[in-house]
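Hi,

Here is the structure I promised to pass on. Have a look at it first, and then read on for what turned up.

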Amino acid sequence: MTNHIVPVKTYLRVFAALMVLLAATIICAKLQFGVHGFAIGTTLAFAIAFIKAVLIVLYFMHVRYSPRIVWIVALAGFFWLGILFALTLCDYLSRSRFEGAFGY
Amino acid sequence: MSHGNSPERLAKDDGGHAHQFDDASQQRNAAILGMWTFLCTEVLFFGAVFVAYTVYRYRYPHAFYLGATRLKFWYGAVNTAVLLCSSLTMALAVHAAAAGRRRSTVRFLIFTMILGVTFLCIKALEYHAEWEDGLVPHYHFNAAQFTAPPGPSQIVPAPDYAANVELFFCFYFIMTGLHALHMVVGIGIMAILVAMALRGRFSARYYTPVEVSGLYWHFVDIVWVFLFPLLYLLIQFD
Amino acid sequence: MSTTLAYPPPSSGAPPRNYLNASYLVRSWLLTRDHKRIAILYLFSVTFFFLIGSAGAVLMRIALMSPNGGFLQTETYNKLFTMHGVMMIFFFLIPAVPASLGNFLVPLMVGARDLAFPRLNLLSWYLFILGGGMVLAAMATGGVDTGWTFYTPYSSVYSNTNVIVTILGVFVAGFSSILTGLNFVVTIHAMRAPGLNWMRLPLFIWSTYATSIIIILGTPVVAITLSLVAIERAFHLGIFDPARGGDPILFQHLFWFYSHPAVYIMVLPAMGVVSEIIAVFSRKRIFGYSAIAFSSVAIAVIGFLVWGHHMFVAGESAYVGVVFSGLSFVVGIPSAVKVFNWTATLYKGSISGQTPMLYALGFIGLFTIGGLTGLFLATLGIDVHVHDTYFVIAHFHYIMVGGTVMAFMGGLHYWWPKMTGRLYPETWGKVSAIIVFLGFNLTFFPQFFLGYLGMPRRYHYYPPEFTALNVMSSAGASILGVGYLLPLCYLLWSLKFGAKAPANPWGAPGLEWKTASPPPTENFDVTPVVTEEAYTFHLDQEAQ
Amino acid sequence: MNTEFQLFPDQASVNAAHVDALVFFMLGVSLFFIVLIAGLILYFGLRYRRKPQDAKIIPPPPKSHLGLEVAWIVIPSLLTVVMFVWGTRIYIRQARAPSDAMEIYVVGKQWMWKIQHPEGRREINELHVPVGRPIKLTITSEDVIHDFGIPAFRLKKDAVPGRYTTEWFQATRVGQYHLFCDQYCGVQHAGMTGTIYVMEPAKYEAWLSGSIPEEPPAQAGQKLFASLGCATCHSSQAPTMAGLYMSQVNILDRWGRPATAIADNNYLRSCILDPRAKVVVGYQGNLMPSFDGRLSEEQLVQIIAYIKSLQFRAAPSQAASPPPTQPLSPSTQPSPLLGK
């Protein structure tokens, strides 16, 4: 792991981006998006949260300048969380649809 | 070198290392990898509650939406800003530590602590307001307020409808409470870091504790970044 | 990488300084950061918890000899099987091999002076003891009757026993296990000796690594899930309570997300032990080294995709049941690969039937039976019949007792000279290995029949036609008990009276055999440099 | 029931025969591998044992053998595919009850099984069924999770509080068989057992009429339907119940989007207990009150049985088409719940 020093300017830029994204979240929350408002609004809110998290991980947490193993470890947690989400929701999303089809 | 009977002692400014490591860089790598591994467990720790929350929100969208509208949106928004600021000051503290600037490190660590305490204070105010509003499950939950939502018709809502709103608030308090607990731990760690920094334990060659604690603090910030839309930004679906 | 002497060489005349005689103060044990001493602390603690759990099993088997439940009250019986499950799973099987043998061996096998975070390692032991103490306190002050699975809403609403304290004890022990796993992962990544690349690692390290992955990624989920149950009970919330909008099936999802992979936490390190023993006692490099190594990691990953097979009849959707069934078959393949590879290693080897090898060969046989019966449980149509019956009990005891405990015993005998500097009595070792094998089969094989006949698990009394098989099982348990008590006696005896062990009594090639028995506190006089693959045998490693 | 010692359970249903066939196949496969592995271990262990004169001999390291390694990955994989497909077929057959099945309602509670027949006859911890006729059990629980297991039929299903699960069987042999609760449910879990009586159809009829018949569930449900005032709305301002059961209903799904649902037991249950969970398109303005807490599990089952009895045999129609008096559509009229 090299001792990479990130310039302060980078931190400030990332911080500015985070604040802009926060403002965007608030604006999106106050807007109405018409017919598919729920889908659009929710997707936007989580997309923004995701971008914020990625910025923090890459720059504040220095993953961008870290060796491969740190990338792998950082991704592993989210990958496994993905497994938990996917297979659990697989049950709930398929319940109503298949309960009828399979007869109960 | 610090082999022998006092293996754990760290040499001060010469980039020394604990006995089990070959050199300071191996020790630093191990510490950073260790913290990332720990954060992995934290992802799953919070993640499990997120999954439970998602399942119930999928089941009871109306009730969860109604619950979310009762949260203090601006408290949450301001707290997000406060935490993002604290992440910046933490990053700057690590930066200063890496440059070996002790006073600057201490200053940024204290900034971070102040922002962390600010967050907790706002959170406490919010909890207080929620207690006043009768939104605390089981102990002070006013189910009646969820039995007659305004609408064009005379509806008698389901009794368990209020229970579903209560479920939302269970998750609200558990998730924000867990997060606040992590904040308290983080602030405690920073107090220790400040003490260590004041005693001159860090240098440009050895500042691993600051760096590793920074990772933890940023992670706690990320959790909030997801909690905010998850709890406060529920959108009406019509 | 430093190659200087890690500690001053012993002065001639005095006995060589080692980790055991470094200091005799109690304080030097309780505050030790030496991974070897912590391993010994763990070894004693898990043995203690094993004895408590076994006591529960003994009482249950006595009660089950008669169809009306014998001398026990039903409440007592329910508390006993809960205690047996909690103790054996969380306080014996999960820590047994990794925290005792693994703690001792991981730094030695990778050529390091200690684990990466020795203080965390000590903290982990204290958390383990604290958790165990809490569970014991809960048992002593009235017990718990939920079963180790803590299914809601029984555990959260209906049971009026000490659920909260027990859950908190398991929670604390979970963090102990996380710290151990974290230490292993970092140590294996960052502290390998020069030349020790991944494909030269002993297979025990590979399996410990895979185990640590599961511990790190699974344990937090069960920790928070059980805390939710405790919170639900303590604060009267309705998180999993169907009467208040909660879903008990959700609890089962979150619980099994950890608790199925936990089975691999228990058995993967055992597989690592068996790989070591088979190679050394056949004097052969293991057949298909990379297949065994990667199958460990494959099991760790795929093991996370199969938890729903515990819920085929629980009310999960039929669709997801099919998905989980298919994935469950997939996880069987890497296990089968391991069995075939071990067997093939024996071919044209130079096989020595000493105690560790007897245990290892017994492991292969019993694990094969356990694994194959696992296929029955993965098969949807059959699982509907045998789920929650003694068939399941027999299956997982074949994996956990026939697998993990056999390997633990084998590993304990194999590394006993290294850990204690003493040799155990070989004849007694062989005799008790054979007693354990026979007693085990007599105990658990009848339970396959009981299960297919339909006898449900956790029944204190049962229809009379099941009596004969239950009596057989109880008879086997008494033999098994003798098989476990014998090693306890002769191993303790050998601490005082056993012959002094040479550095490498088995002619084994691993790094741990390149240092003294018992090893010095710093493990190696000189940081070893590895130039060969694992299990490369040379004549100079001949048993002394 | 066979109270003698036995090693293999009675085989008393169509499903049991299917399951046993697969079990014998898998036993064969398992035996083959166990004999193979154990035999090889014993053979190698004896054949290559270290003799005193071999003490100095190091056998050569094994050569890798790709064919062998591929073979023992591929062959077990193929075998497991067979097991998977076979087992899944049994499961799916078992998940879908025939439409002419006789429906019996089962409610579990600590520590007893309460059972009611379509003709009204109730039993506790006993279930009398005619041989040769498909029987569908609709199961729920009043408290904790139980499990209704019948080993002779190779069948079990959890009784989950708050929802319905089902299982079905067709008994093939007259006799008495065990009923076990298979999910640990508290102190007297081991006592939550019972007996299944499989009878000749004629004897079953005699048994049914052998006592004063209680009201059939559908009939009791009809009375409840009237006394609770359901009929007032469910003729004009609310969807009619005629032909509703198992029909496709247009509803607003959880996300407020139009969707369809099958009006099965769980759907009806949730509509009665939480009317706003699935709102029929066109009725957003007039939501029904919830009956949660006002109906016992048995009364719920009776109402559902009544709704089921109102099926049209011919011309299944869209039961839930909005009446002309309520020309509301989701886009113009937000749900009152959300109109904030």
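Predicted model: local features only at pLDDT ≥ 70, side-chain atom pairs only at ≥ 80, totals over all residues.

Strand β9 (residues 175–181) and strand β10 (residues 194–199) of chain D run antiparallel to each other, with five bridges between them. Both strands sit in an open sheet of five strands, in the order β4-β10-β9-β6-β7 (chain D), and the pairing in this sheet is mixed. At the edges you will find β4 (126–130) and β7 (155–159) of chain D; each has a single partner strand, so one side of each has no neighbour in the sheet. On average, neighbouring strands here are turned by 20 degrees against each other, ignoring direction. There is also a helix to look at: α3 (residues 201–209) of chain D lies across β4 and β10 of chain D, and runs at about 135 degrees to β4(D).

Staying with chain D, its domain assignment gives two pieces: domain 1 (10–49 + 62–214) and domain 2 (217–309). Taken over C-alpha atoms, the centres of domain 1 and domain 2 of chain D are 32 Å apart. The contact between them takes ten residues from domain 1 of chain D and seven residues from domain 2 of chain D. On the domain 1 side, β1 (102–109) and β5 (134–141) of chain D each give at least two residues. That side of domain 1 of chain D is made up of four nonpolar, four polar and two charged residues.

Next, the contact between chains C and D. Here 75 residues of chain C meet 73 residues of chain D. On the chain C side, several helices each supply at least two residues, among them α3 (74–110), α8 (248–259), α12 (355–378) and α15 (426–453) of chain C. The largest share comes from α11(C), with 15 residues. By class, the side of chain C that touches chain D has 43 nonpolar, 24 polar and eight charged residues.

Chain C also meets chain B, in a contact with 32 residues from chain B and 38 residues from chain C. On the chain B side, the elements that give two or more residues are α1 (24–59) and α5 (159–198) of chain B. Of these, α1(B) gives the largest share, 16 residues. The side of chain B that touches chain C divides into 17 nonpolar, eleven polar and four charged residues.

Last, a helix pair inside chain B. The axes of α3 (residues 73–98) and α6 (residues 208–232) of chain B come within 10 Å and cross at roughly 165 degrees. With that angle over 145 degrees, α3(B) counts as roughly antiparallel to α6(B). The crossing of α3(B) and α6(B) is left-handed. If you want to see the contact itself, the residues of α3(B) include Phe73(B), Leu83(B), Met90(B) and Val94(B), while those of α6(B) include Trp217(B), His218(B), Trp224(B) and Phe228(B). In total, the contact of α3(B) with α6(B) has 13 nonpolar, five polar and two charged residues.

Over to you,
and thanks for taking this on.

Methods. Residues numbered from 1 in each chain as written. Chains lettered and ligands numbered in written order. Contact = placed C-beta atoms within 7 Å. Helix = DSSP H or I, 4+ residues; strand = E, 2+ residues; numbered from the N terminus. Nonpolar A, V, L, I, M, F, W, Y, C, P; charged D, E, K, R; others polar. Domains from an automatic or database assignment. Pairing = 2+ DSSP bridges. Axes fitted to C-alpha atoms, helices over the stretch in contact; angles between N-to-C directions. Parallel < 35°, antiparallel > 145°, perpendicular 65-115°, else oblique. Left-handed = near helix turned anticlockwise from the far one by under 90°.
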